[in-house]
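Let's take a friendly walk through one protein model.

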Amino acid sequence: MFLARIQFPMSNIIGERMKRIIYADNAATTKLDNEAFDVMTPYLLNEYGNASQPYSFSRKPKMTVAEARKIIASAINALPEEIYFTSGGTESDNWAIKGFGTPGEVKTIFTSAIEHHAVLNACNHQKENGGCSVIILPVDGFGILQPSVLKEAMTIESSNRPIASYETKLVSVMFANNEIGSIEPIKELAKIAHENGALFHTDAVQAVGHIPIDVQDLDVDMLSASAHKFNGPKGVGFLYLRKGTKIQSLIDGGSQENGLRAGTENTAGIVGMATALKANCEQMLANKEHIEHLENKLISKISELDYIRNGSKQHIPGNINISIKGENGERILHRMDLKGVCISTGSACDSKNMQLSHVIKAIGVPTEYAEGTIRITLGKYNTEEEVDLIAEALVQVLSK
Ligand code: PLP
């Protein structure tokens with residue numbers, strides 16, 4: 001008996017199929033690099049051996065995973081054995097936050113008010129189920145956690161602790177914000193964390209593959225990354241874990257990833273991630289110049305609109321987060337969608353619950369502007385022509 005072929009949903013309704021799509025939501029996800037796709041296919045079709053098996057059929061997948069680990073490590077100046085493959089940014093963040101230290105210890109986490117929910121909700125989980133204290137620190141109007149704010153909070157916290165009580169502390173601050181793109185002063189923050197006896201984790205999901213990262217120079221203990229944010233495949237990422245850093249496993253099972261992260265290696269995903277990261281790192285400067293040129297062009301074309309630009313001058317290339325007076329971000333998004341332009345109101349994960357983003361609240365955008373917030377994130381595949389069309393569409397949508 002033959003089973004009927006499974007019918008997956010069509011990507012677009014028939015009438016829309018021919019419509020040109022302009023993708024300007026690269027902070028939500030990115031298009032897979034062609035070369036990454038090419039290197040992945042053999043591991044999905046023919047070289048499907050389990051990378052942990054000892055027979056010769058698994059030799060190639062095993063060697064490929066090892067090579068990918070080296071490529072990824074060298075992209076952030078780490079050692080191969082400090083790279084742990086995961087299912088993506090959410091898992092890496094959860095692992096760092098739920099796994100640091102040793103079970104049973106008194107734990108305190110310091111984090112910022114603008115973290116991704118993968119960090120904030122993992123912290124909440126630790127507070128409610130793990131008996132952890134969580135201190136959420138405010139950011140300034142540009143979305144920056146000032147080192148002095150962290151320093152003061154850590155000083156107050158330790159002066160309030162009974163003498164001779166011991167705790168394990170973690171500071172978790174994102175490298176770059178996913179909504180407004182602001183790049184945090186990670187090196188200074190990590191220094192303060194260490195001076196106060198804490199470990200330092202950074203959610204670098206928006207930064208890896210887009211701006212230079214050197215874990216040695218930054219002196220971070222843990223760093224999360226996700227392949228689909230740098231033109232790699234979805235469902236794969238990694239956690240950098242500095243040698244010697246104490247962490248408990250989040251996923252128990254087999255002995256993969258040095259016994260710390262169980263589960264059969266996603267060989268195709270891992271090789272795709274390494275290839276995409278290598279390509280993005282090699283072209284980083286050229287990509288930055290191209291994307292910044294497009295960003296400046298778009299900004300100059302929408303100068304007549306009444307908006308506030310959110311975020312810091314030091315931001316991820318291509319991030320344009322603006323709040324338009326008297327508007328509604330959701331409405332703008334849907335009207336832009338009708339014109340074939342994909343933009344966002346903030347983080348992709350937040351857009352379902354229709355609430356004002358915690359990031360926009362945290363940076364204090366005035367209420368008459370806040371609801372009209374949209375995020376346009378340009379990437380390496382966007383073109384000048386697309387930027388003209390995005391600006392044209394936005395001006396039209398807002399003039400109605
Ligand atoms: N952290 C940040 C800053 C993100 O932007 C995202 C995704 O939007 C995540 C974590 C989650 O990553 P993933 O989609 O790989 O689970």
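## How long should a helix be?

The expected span of a helix is 1.5 Å times one less than its number of residues. Keep in mind that this is a predicted model. Now try the rule on helix H1, which has 12 residues (residues 34-45). At 1.5 Å a residue, H1 should span 16 Å, and its end C-alpha atoms lie 17 Å apart, which agrees.

Which residues of H1 are buried? They are Ala 36, Met 40 and Tyr 43. Because these residues cover an arc of only 50 degrees around the axis, they sit on the same side of H1.

What do the buried residues of H1 pack against? Their partners are helix H2 (59-75) and helix H8 (267-282).

## A sheet of three strands

Next, find the open sheet of 3 strands, in the order S9-S10-S12 and with antiparallel pairing. Strand S9 (307-310) and strand S12 (373-377) each have a single partner strand, so they stand at the edges, with one side of each left without a neighbour in the sheet. On average, neighbouring strands of this sheet are turned by 25 degrees against each other, direction ignored.

Strands of a sheet pair through backbone hydrogen bonds, and the pairing can be parallel or antiparallel. Here, S9 and strand S10 (residues 319-324) run antiparallel and are joined by 4 bridges. To see two residues facing each other, look for Asn 310, which stands opposite Asn 321 in S10.

## Two loop residues with positive phi

Most residues other than glycine have a negative phi. Asn 231 is not a glycine, yet its phi is positive, at about 70 degrees. You will find Asn 231 in the loop between strand S7 (222-226) and strand S8 (237-241). Is Asn 231 buried or exposed? With a relative accessible area of 3%, Asn 231 is buried.

Glu 257, also a residue other than glycine, has a positive phi near 50 degrees. Glu 257 belongs to the loop between S8 and H8. Buried means under 20% relative accessible area, so Glu 257, at 7% relative accessibility, counts as buried.

Definitions and conventions: Residues numbered from 1 in each chain as written. Predicted model: local features only at pLDDT ≥ 70, side-chain atom pairs only at ≥ 80, totals over all residues. Heavy atoms only, no water. Buried < 20%, exposed > 50% of the residue type's maximum accessible area, 1.4 Å probe, protein only. Arc of directions from axis to C-beta. Contact = heavy atoms within 4.5 Å. Pairing = 2+ DSSP bridges. Axes fitted to C-alpha atoms, helices over the stretch in contact; angles between N-to-C directions.
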